[in-house]
Amino acid sequence: MSTGLRWLTAREVLRVTKLWTQTIVAPVISSFLFIVVFGLSLGGRIKQIDGVDYDAFIVPGLLTMAMVQAAYSNNASSVFQARFDRYLNDVLAAPMRNWEVNLGLSLGGAVRALLIAAALAALALPVTGVPIHEPLVLALAVAIALVLFCSLGVIVGIYAETFDHHTFVNNIIILPLTFLGGVFYSVDRLPSPWQEVSHANPIFYLVEAMRYGFLGTSDVSVALSLGITGVLAAGAVAWSSWLFTTGKRLKA
């Protein structure tokens, strides 16, 4: 790791840890409240889904939701702020390769998402007893989710004209897609055409890959879930790399 990449990464991680009550504790508490409230209130009525206790069933989806929102929001706001303050110009002028700048700006969101996921898992696993059946699949699903939404955050941060633009993407696109991606229910139980519509939601495949890693079961093939999300992640990385290679909008 070059000196420039190391210091840029340290700066992005410090941005996360310095405001840890906002960047880590708040999303952990809100996600854990979902587990407690929905697990206790609906768990008494739904009991089980596909042979899994309801409170354990919702954990993988809530972990996914917390991670992707954190990875996206952190990087989108960081890159937009760097452009707005002209700090990004100094980074681009440093003796760093384009991929190093891209990676350094992305790692802050990855660290934040992992810290949130680890803290939430530490709280949720003892309460719900959710198992980890396929740790390798789980690790791969987490990696793909981080790559996809960290890169997406960088892309939106580059294109955003105002602070509201990147929050718009989160509130109007990512959050609704997450809730409609089978976090709280099995998509297989939906009537047609809503079941087919759900299969067009990319976050549905992330949730299912995470669910397979934890529970060993999912509504679709885990190979299909990892394949679709992997292709999307590769596309997002290629797009962000192209922006740094061409310099498009980076100094706008």
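The following is a working chat about the predicted model shown above.

Colleague: What should I keep in mind about the model and its numbering?
Modeller: This is a predicted model, in which local features need pLDDT of at least 70 and side-chain atom pairs count only at pLDDT 80 or more, while totals for chains, interfaces and linings use all residues. Residues are numbered from 1 along each chain as its sequence is written, and side-chain values use heavy atoms, with hydrogens and water left out.

Colleague: How many salt bridges does a search of the whole structure find?
Modeller: The search finds three. A salt bridge here is a side-chain nitrogen of Lys or Arg within 4 Å of a carboxyl oxygen of Asp or Glu.

Colleague: Which residue does Glu208 pair with, and how far apart are they in the helix?
Modeller: Glu208 forms a salt bridge with Arg211 (3.2 Å, N to O). They are separated by about one helical turn because they stand three residues apart in helix α11. Helices are DSSP runs (H or I, at least four residues), numbered from the N terminus.

Colleague: Is Arg211 buried or exposed?
Modeller: Arg211 is buried, with a relative accessible area of 2%, and Glu208 is buried at 1%. Buried means under 20% relative accessible area, exposed over 50%, and partly exposed in between (1.4 Å probe, protein chains only).

Colleague: And what about Glu100?
Modeller: Glu100 bridges to Arg97, with the closest N and O atoms 3.7 Å apart. Glu100 counts as buried at 3% relative accessibility, whereas Arg97 is exposed at 52%.

Colleague: Changing topic, which residues have the most contacts inside the largest nonpolar core?
Modeller: Phe149 and Met210 do, in a core of 55 residues. Such a core is a set of buried Ala, Val, Leu, Ile, Met, Phe, Trp, Tyr and Cys residues joined through side-chain atoms within 4.5 Å.

Colleague: What does Phe149 touch?
Modeller: Leaving aside neighbours within four places in sequence, Phe149 is in contact (heavy atoms within 4.5 Å) with Val68, Ala71, Tyr72, Ile174, Ile203 and Leu206.

Colleague: Where does Asn102 sit, and what does Asn102 touch?
Modeller: Asn102 is in helix α7 (residues 98-128) and is buried, with a relative accessible area of 7%. Not counting residues up to four places away in sequence, Asn102 touches Val154, Ser240, Ser241 and Phe244.

Terms used:
Helix = DSSP H or I, 4+ residues; strand = E, 2+ residues; numbered from the N terminus.
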